[in-house]
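Please look over the model below before reading on. My notes follow as numbered points.

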Amino acid sequence: MKKRGKGIAATFYGTGYGNGFPDVSKAVAEVDHDGNVNIYVCATEVGQGAKTIIIQMVAEILGLGMNDIHLISEDTSQTLDTGTAAASRQTYNTGNAVKKAVEVLKSKLLEKAKEHLKLPSLLGLEVKDKVIYLKTFPKKRVCFKDLIEEKISVEETFTAQTVQMDEETGQGAPYWPYTFSCYGVEVEVDTETGIIEVIKGVCAQDVGRAINPELIEGQIDGGFSMGLGYGIMEKLNCKDGEIKNNKFSKYLIPTALDMPELEKIIVEDPESSAPFGAKGIGEPVILPAAPAILNAIYDAIGVRFYEIPVTPDKVLSEINREI
Amino acid sequence: MNHISLTINKKMYSIDVEEDVRLIDLLRDQLFLTGTKEGCGEGECGACTVIMDGRVVNSCLVMAFQAEGSNITTIEGMSDKDELHPIQKAFLDKGAVQCGFCTPGMVLSAKSLLDKNENPTREEIREGISGNLCRCTGYNKIVDAIELASKEIREEKKE
Amino acid sequence: MKPLNIVGSRVIRVDGKAKVKGEAIYPQDIYLDGMLYGKTIRSTKVHAMIEVDTKKAETVEGVVKILTYKDVTGENHHGVVFKDHEVFCSKKVRRIGDPIAFVIANSERVAKKAAEMIEIKYKELPAVFNPIDAMKEDSIKIHGDSNIIYHYKCRKGNVNEGFEKSHVIVEREYKTSMVEHAFLQPEAGVSYIDEEGKICVCASTQYPHFDQIEVAEALGLKLENVKIMNPAVGGAFGGREDITLQIHLALATMVTKKPVKVVYTREESFHAHSKRHPIIMKYKTGADKNGKLLSMEVNLIGDTGSYASWAINVMRKAGIHATGPYEIPNVKIDSYAVYTNNPFCGAMRGFGATQTPIGSEQQMDIIANELGIDPIQIRLINGFKVGSETSNGQVLSESVPLKRCIEEVKNRMFKE
């Protein structure tokens, strides 16, 4: 018999190294004498979209297109330390460092343009497509290339704020910011085979502010999939220190047939210390998937599982025990 | 040592291969067609998918000498110079790419599917790519992309 | 919110085009002239003293050099927090998969053949696999004097008073499993000496600047003489934070003065990098009859296996997130990280905060069920909001849209 059930889980996640440890990102932004905009950061692109997010932020501040920005990000000899691509920290930490550097660069450019255009004030000066112009009289304009004799380079550092906890009581402020999630899932349990099919998911994810909704949705899909594997599929079968399932024919991860369609809801509530209000979501998106599935399994068959993964053999043995 | 002749991405090759060389090794190590990826070496992950005589195969499970006389399409043969294939374009537009390591194999499985069934349901798309593992995307945007590509290709044909 | 042009829009990812065309370069896609190939020899025993004899393997035609701990020119160690990994094991192996030697040869085929001819004599030692056993004083030790490497304590309010006031108390034990990142791109890398004489390593990593420090220290070089480059990375999820092949490659190039390449098989990848910490979680939760949480006591034991990696930080994060996103006035949490002879565990997406909701979120449903309250309602009653205080006494001053997230799911899925 196939039995259906629904479950929910809510979670939170603190960004960064935490616990008062210096969590530092450094970025360099420059405009060279040809008017090229170069950004130097060492934020690793592991597939999460770090490069795209950083370039979007720069493009927004300087009024440029995505293709106008040259990102140098893959070489320790050309970049400063931006910390690890982990702890969901690159959008928040490196994003903040880049934003600071580019904003200072922009103000230097405006100051130079004011002098070049012989204007009495910075008021009303706009930057777009590598041209600085006066909004009320656009003929007063100068392009980056004509403005800059020697390259202008700005280095900025962002350090996150956390407080080391007391060792006896754990009192302190270990992380900032926190990101929140809630997922609901529906499962169908086959009581004859023990197979659990996740048939639907609704995922509401706090993001602070979305820099790129397409990338966020991709993270939600991927996080859900990894959580699904964690809850009901993945097993290393480690016996006496030896991993028995050390290849993909034995260690099963979700395929396209295991993943349900997901309704993905991006919840925005900007965080004032974050770049454009954006919080990191790379890890938060995995957290509620497995527990929501476990709660849905209980709703379907009235059996609670205290150990994961809930593989078909475990489902069958529990059902048989109930009988 | 074997001498084999085959066609890869519409180009003829005549080449010596050792007995124990797999098709993936020939493509990558001898011809430097590195778009074909090795993820598991046992035909489970599909990262090494190529199209051989109209069928998708895992190039890690085919010996190079078995490819004698065959016609092979790899990811490098999917686009004409800068013009992306509608499947590749849809993968970009629908956000179906993350780390990108499964992407070449995924694109080729999608092509093979759409060559046989130009208007698949989402479930048929899921089956069509079920031999290709992806750890990043959770597959949903890949399904979206293949659905979009199918529509684009059908509309192109109408015109 | 101020409307913006590019921030907030569905811009196509900048690395996408190269990836759909198969043109993105991952480390295994790099081929250099005169390149040598490396193959790592790893422990097949969980805990043993070793003696390594490479003589026979060195006679294989095409072998250039076989590296062991004796060839490490700097510190024979690495590690993200403790330097408890050896670049190559000198006397002792502590898990299956510990690196012992590294064959450098003129082809991959020769490297593999020679690797099989390296003779390793193992004198096996007793081993421990259960973290609860490993915590006992008389347990065999993996490193140093104790297997307990970290104990996180959280004490807020008075849990006993909280339980006394509770209408319902739910006490359960949960176990999570050790799992694998399974990124699609197995580890690979290429090393060479550049025109300035720097040792360069191209490898997939999450943190190039930290790898630079680890490589420089192990080779005994100044930081500026090491360069790490990070081409396309085929997924990571925490599994590329610890060193795998970076130091082996750098050392091989330093010794041979030639470019060297290594590509791991999938099986080797499973043994080479960290895993997710399995955690044994004891939860005791008390609530009043309206479902308001009053007290929570949690005990977490995380098995970090044979090396610490990020264990301290992971078990700390697990402890901090153990309550779930709920206000609870009385909290007592103890979280331990413990060495065993299992595969080593480190960072994986969620980092301790993925494990605890397996317990805390089932506790919420069990309590709701016992009290006859809706599972959504109990989360709304207790959920964090602006101004809430966490178990650490931290005040959530802004951007706490938890209840909006719960309402969104409720409205779409649980509307009767």
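1. What percentage of the contacts in chain C with a separation of 6 or more do residues 24 or more positions apart account for? The share is 78%. Two residues are in contact if their C-beta atoms, placed from the backbone, lie within 7 Å.

2. Some ground rules. This is a predicted model, in which local features need pLDDT of at least 70, side-chain atom pairs count only at pLDDT 80 or more, and totals for chains, interfaces and linings use all residues. Residues are numbered from 1 along each chain as its sequence is written, while chains are lettered from A and ligands numbered from 1 in the order in which they are written.

3. Chain C in outline. Chain C holds 12 helices and 17 strands. Helices (H or I, at least four residues) and strands (E, at least two) are DSSP runs, numbered from the N terminus. Along the principal axes, the C-alpha atoms of chain C fill a box of roughly 80 × 65 × 40 Å. Of the 416 residues in chain C, 61% are buried. A residue is buried if 20 or more other C-beta atoms lie within 10 Å of its own, exposed if 12 or fewer, and partly exposed in between; C-beta atoms are placed from the backbone.

4. The domains of chain C. Domain 1 covers 29-124 + 182-272, and domain 2 covers 131-179 + 275-413. These bounds come from an automatic or database domain assignment. The C-alpha centres of the two domains of chain C lie 37 Å apart. Where they touch, domain 1 of chain C gives 16 residues and domain 2 of chain C gives 18. The domain 1 side of that contact has five nonpolar, six polar and five charged residues. As for the classes, Ala, Val, Leu, Ile, Met, Phe, Trp, Tyr, Cys and Pro count as nonpolar, Asp, Glu, Lys and Arg as charged, and the others, Gly among them, as polar.

5. A sheet in chain C. Three strands form an open sheet in the order E4-E2-E6 (chain C), with antiparallel pairing. Its edge strands are E4 (92-93) and E6 (119-124) of chain C, and each pairs on one side only. Two strands pair if DSSP finds at least two bridges between them. Strand E2 (residues 48-53) of chain C joins E6(C) over six bridges, in the antiparallel sense. Follow one position: C:Met49 stands opposite C:Lys123 in E6(C).

6. Chain B in outline. Chain B has five helices and five strands. From the N terminus on, its elements run β-β-α-β-β-β-α-α-α-α. The radius of gyration of chain B is 16 Å, close to the 15 Å that the globule rule gives for 159 residues, so chain B is as compact as a globular protein of that length. This radius is taken over C-alpha atoms; the globule rule is 2.2 Å times the number of residues to the power 0.38. The C-alpha trace of chain B spans about 45 × 35 × 25 Å along its principal axes. Buried residues are 55% of chain B. Among contacts in chain B between residues at least 6 apart in sequence, 61% join residues at least 24 apart.

7. The domains of chain B. Chain B is divided into domain 1 (2-77) and domain 2 (86-158). Their centres, taken over C-alpha atoms, are separated by 22 Å. The contact takes 13 residues from domain 1 of chain B and 12 from domain 2 of chain B. Strand E3 (residues 49-52) of chain B gives the largest share of the domain 1 side, three residues. That side divides into seven nonpolar, five polar and one charged.

8. Chain A against chain C. Here 95 residues of chain A are in contact with 93 residues of chain C. E1(A) gives the most to the chain A side, with eight residues. By class, that side has 50 nonpolar, 23 polar and 22 charged residues.

9. The nonpolar core. A nonpolar core is a set of buried Ala, Val, Leu, Ile, Met, Phe, Trp, Tyr and Cys residues joined through C-beta atoms within 7 Å. The largest one has 277 residues, and A:Ile54, A:Val58, A:Ile293, A:Ile297 and C:Val103 touch the most other members. Not counting residues up to four places away in sequence, A:Ile297 touches A:Gly5, A:Val187, A:Val189, A:Ile196, A:Phe305 and A:Val310.
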